[in-house]
Amino acid sequence: MQNSNAANRLDRLPISRFHKVTLLAVSFAYFFEFADINSFAVTAPRLISLWGVTINQIAYVTSLSFVGMFLGSMVAAWIADRWGRKNALTWTTLFFGFFSFASVFSWDTVSLGAFRILTSAGLSAMTVVAVIYISELYPAARRGKYQAYAITIGICGTPVTNLIASVVVPLNDWSWRLVYLWGALGLLFLVFVRHLKESPRWYESRGEHARADAVLREIEEQVAAEKGPLPEPAAPAPVPDTPPAKARLRLLLQKRYLAPTLLLTVLWVTQTIGFFGYSSWAPTLLAKEGFSVEKSIFYVALTTIGAPLGSFLASLVTDRFERKWCLAAFGTVIAVCGLLYGLTFNPVLIVVFGFLVNLIERGYTALAYAYSPELFDTHGRSLGTGVSYGLGRLSNAAGPLIIASLYNGSGYQSVFVFIAGTWLVGALALALFGPSTRRARLQQAAARPVGA
């Protein structure tokens, strides 16, 4: 068999229980990723009083966590290409769950920082693999919507965790550890593993067409049993008789990969500094500006309620409009709302503008997760997505240090002017250089037989 025709066979499938179970599994992993990603941010105000942690120490731990994210993204791309998308998703989720559990037993800033760096590596690795996994298993015309659905469900982990933290962190001198125990529940992802399928596109990209065909037959039998006879797929495109060479970093220097990699690096650099500038620092900066630990965590928890709504908003527009323009518009709105957030000390306005920042930013991220893998073919998808996402995370090794310097040198509001500026840079880059992908998706959908 020279071609398993994976893309066309998957694209003509109706949404079925197979897709919904896959969505549930990925959403579960996302839930505890988002539950865990800001654990240090919501416990740091308490550690300032318990351990005497300084703003600069918080900055160093946060910065090194992003170095961990970069390493995790790079390793994830390699694992996903070497051992498959399903295995990579499983291992990376278990990895971050284990080190979140280890954080429960940290005894000082150094030990907690080390555990958080390793946790962050797993969180970032899982995200890279999950984005690729959904992109390769869902029909082209619907994958953006289901990327957004996964984020909509998963992002609920952020407000849930923040609300839990607002209750448990102030209880006593050890209760902050429960926040990390909560994040460790991602280990329960093992329940879903036996229900997941390996990506047939990954098998096909390795020249393993027989194995790709076997997985496709299993999926098609499941879907046909539920939905009835399936239409014939579109004819496959010709493929070479020999499998392509393994993807190496120098592959990204080729013209067809270099431009999207550079663009996505700008996208993820500005998103990372912009988003984590708000989420990682808001509780601590509010506490430093005179709000109590309880109130600062509670206000931030209220703002994150907007996050699931933002991901749902993305699901409504992602497959309907051109994604690059949605991203540019969302980035501009985030910059404006974030600047207004930083210019007020009124509790009601803090919550309102913070709510809007979280709402639009989570929509932006869901759109970016759908947009990023579309700029590469299967051969370069894991590497290009992983490298650009990883470089974005690595950039924020400097972000917290810049924010700490701005805060100490120029005050609270200068932090938010800086963050708003990063969002505007990303929006401008997408508007000027972002490739359009909607036409290609529509062409793929049109190639499917009627009734698919």
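Among the elements of the chain, helix α21 has the lowest mean pLDDT and helix α5 the highest, as tabulated here with their residue ranges and values; pLDDT is the predictor's confidence in each residue, from 0 to 100, and helices are DSSP runs (H or I, at least four residues) numbered from the N terminus.

| Element | Residues | Mean pLDDT |
|---|---|---|
| helix α21 | residues 438–447 | pLDDT 58 |
| helix α5 | residues 85–103 | pLDDT 93 |

This is a predicted model, in which local features need pLDDT of at least 70 and side-chain atom pairs count only at pLDDT 80 or more, while totals for chains, interfaces and linings use all residues. Residues are numbered from 1 along each chain as its sequence is written, and side-chain values use heavy atoms, with hydrogens and water left out.

The chain averages a pLDDT of 82, and 89% of the residues score at least 70. Over residues 448–452 the pLDDT is below 50, although this stretch has 12 contacts (heavy atoms within 4.5 Å) in the model beyond near neighbours in sequence. Where pLDDT is low, the predicted coordinates should not be read in detail.

In helix α6 (residues 109–137), Val131, Ile134 and Ser135 meet Arg143, Tyr146, Gln147 and Ala150 of helix α7 (residues 143–154). The residues of this contact divide into four nonpolar (Ala, Val, Leu, Ile, Met, Phe, Trp, Tyr, Cys and Pro), two polar (the others, Gly among them) and one charged (Asp, Glu, Lys and Arg).

Thr109, also placed in α6, is buried at a relative accessible area of 18%, buried meaning under 20% with a 1.4 Å probe and protein chains only. Leaving aside neighbours within four places in sequence, Thr109 is in contact with Trp51, Val53 and Val61.

Note on methods:
Axes fitted to C-alpha atoms, helices over the stretch in contact; angles between N-to-C directions. Helix = DSSP H or I, 4+ residues; strand = E, 2+ residues; numbered from the N terminus. Buried < 20%, exposed > 50% of the residue type's maximum accessible area, 1.4 Å probe, protein only.
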